[in-house]
Amino acid sequence: PLKGRKSPPVIDVAPVWGGMLAFLAGPMKLMREATPKYGEVFTVPVFHKRITFLIGPKVSEFFFKAKDTEMSQKEVYEFNVPTFGKGVVFDVDHTTRAEQFRFFADSLKSNRLRMYVGMMVKEAEDFFSKWGDAGEVDLLEQLSELIVLTASRCLLGREIRETLYSEVTDLVHDLDKGMVPLSVFFPYAPIEAHRKRDAARKNLAKIFDKVIQARRESGASEPDVLQTFIDARYKDGSRLTNDQVLGMLIAVLFAGQHTSSITSTWTGLLAIANKERVMPALEKEQKDIMKKHGKDLDFDILAKMDELHFAVKEALRMHPPLIMLLRMAQVPFEVETSTGKKYTVPKGHIVATSPAFSHRLDNVYSDPNEYKPERFREPNPEDKAQFASFIGFGGGRHGCMGETFAYMQIKTIWSILLRNFEFEMVGKVPEPDYTGMVVGPTAGQCKIRYKRRVL
Ligand code: HEM
């Protein structure tokens with residue numbers, strides 16, 4: 001009970017099962033139907049739990065600006081513990097987690113990114129040099145493969161990329177397939193996918209134990225994320241165990257892998273599907289940059305590619321791979337809507353905001369269902385009007401730490417592709433597959449045709 005305060009409206013569904021059924025029918029459908037009726041804030045009862053949705057920039061701002069002591073991630077993302085491992089991220093107290101997030105931030109700082117970009121360029125050039133003069137490819141399959149190769153090099157390190165690649169990728173695959181929708185509610189349910197996940201986690205620990213030990217003993221220092229975790233020190237001088245180093249690596253790998261392959265695929269599909277309108281600006285930018293800086297790519301040159309940046313950002317606006325972000329209210333939490341209504345979200349509610357739904361609001365974006373990269377151009381980029389208009393990378397204190405890494409990687413890929421190939425669609429732009437944990441274009445429907453050329 002909230003004395004003297006008003007809790008959000010609860011959507012009108014049949015008791016016990018109604019909320020669960022509405023939720024299972026798909027959160028996008030639920031939000032589409034509930035928002036016109038209940039407004040920016042409403043609660044869905046799912047069994048004994050209550051999920052309160054915060055829709056649109058005004059109320060989402062409260063979500064992103066909340067402190068961890070007000071809205072916490074641990075309770076809602078704890079299902080990752082068997083995958084990441086013990087003693088890291090969602091398996092530790094707030095203070096330890098804050099220190100570990102400092103380790104993530106250090107591993108993704110711009111001086112480190114400058115080193116990673118060289119590796120991204122090399123991996124992408126080698127990869128596309130194997131494409132023929134003309135042909136058809138499934139973009140999602142190809143770019144996922146390339147991103148695994150790049151992640152192995154930049155995150156997991158030279159030893160894995162050069163000698164243990166296929167063994168480690170198979171294990172990471174089992175770890176990945178071990179995260180199914182059921183895992184969110186029952187992460188330890190005795191199912192085959194979880195059994196394989198646990199076996200893979202153990203085998204990865206054995207491999208990494210040897211690699212990390214060898215680095216610790218030889219004093220070798222490599223330019224990768226693994227090294228930053230080996231070198232990391234808590235404020236009291238202690239360091240991560242080998243298993244925790246692996247846990248941190250898995251967490252970064254999982255944060256960046258599907259999100260980046262999906263976003264690079266949508267960027268290509270949408271730019272190619274709208275090529276008459278979109279490609280001229282992208283190609284001109286590449287030509288201008290090559291004229292000025294030659295053919296090389298590095299951190300600073302990629303940072304100059306604004307048009308390409310907008311093309312990626314617009315793909316992410318239309319199709320953010322993380323369609324819902326979650327927290328748990330730790331205290332009664334007040335929010336105010338754009339029309340000045342005040343609600344208090346009760347303690348214990350799960351709180352959700354949705355990049356996928358918010359990015360299509362027509363009071364925030366003009367023609368929200370159109371792919372229009374130019375909407376982000378100065379002087380009046382559409383996302384800058386309000387704090388939480390663009391939330392594909394989240395925002396506030398838990399905003400994505402890999403944002404620049406992701407842009408660098410995706411821009412490397414598309415810069416190389418634009419300079420060396422022309423494209424056309426084979427079929428239509430696929431629909432998003434909402435059954436996935438990370439939502440991407442429907443697998444098997446991302447075919448494009450390419451022809452080699454020099455821009
Ligand atoms: C296009 C690619 C990516 C997208 C769309 C994306 C999206 C997001 C989002 C929405 C969040 C916030 C989650 C929340 O508030 O609950 C987040 C957090 C995070 N991301 Fe990314 N991400 C991407 C790539 C990456 C990459 C490549 C890395 C690392 C190399 C990374 C590392 C992280 C980390 C460490 C966090 C946690 C930040 C925190 O909780 O303080 N991400 N990401």
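Which protein atom is the single donor to the iron atom of the ligand? Select C400 and you have it: its SG atom sits 2.3 Å from the iron. (Donors are N, O and S atoms within 2.8 Å of the metal, or 3.2 Å for Na, K and Ca; water is not among the atoms, so sites may look incomplete.)

Before you click on, some ground rules. You're looking at a predicted model, where local features need pLDDT of at least 70 and side-chain atom pairs count only at pLDDT 80 or more, while totals for chains, interfaces and linings use all residues. Residues are numbered from 1 along each chain as its sequence is written, and side-chain values use heavy atoms, with hydrogens and water left out.

**Stop 1: the loop with C400**

C400 is in the loop between helix 18 (355-358) and helix 19 (403-420). (Helices are DSSP runs of H or I with at least four residues, strands are runs of E with at least two, and both are numbered from the N terminus.) C400 is partly exposed, at 36% relative accessible area. (Buried means under 20%, exposed over 50%, and partly exposed in between, using a 1.4 Å probe and protein chains only.)

**Stop 2: around the ligand**

Zoom in on the ligand's oxygen atoms next. The side chain of Y77 has an N or O atom 2.7 Å from a ligand oxygen. For R327, that kind of side-chain pair is 2.8 Å apart, and for H398 the distance is 2.8 Å. (A polar contact is a pair of N or O atoms within 3.5 Å; within protein, one must be able to donate a hydrogen and the other to accept it, and residues adjacent in sequence count only if both atoms are side-chain atoms.)

**Stop 3: a cysteine on its own**

Select C154. Is C154 buried or exposed? It counts as buried, because its relative accessibility is 0%. The closest cysteine sulfur is in C400, 15 Å away, so the two are too far apart for a bond. Searching the whole structure turns up 0 disulfides (pairs of cysteine sulfur atoms within 2.5 Å).

**Stop 4**

Go to E159 in helix 9 (residues 158-162). E159 is buried at 15% relative accessibility. Beyond its neighbours within four places in sequence, E159 is in contact (heavy atoms within 4.5 Å) with L164, V211 and R215.

Then pick V168 in helix 10 (residues 165-177), buried at 1%. Leaving out residues up to four places away, V168 touches L156, I160, L204 and I207. Try the distance tool on V168 and I207: they are 39 residues apart in sequence, and their C-alpha atoms are 8.3 Å apart.

**Stop 4: strand 9**

Finish at E424, in strand 9 (residues 421-425), which is partly exposed at 38%. Not counting residues up to four places away, E424 touches I272, K275, I448 and R449. From E424 to A271 it's 153 residues along the chain, with 9.8 Å between the C-alpha atoms.
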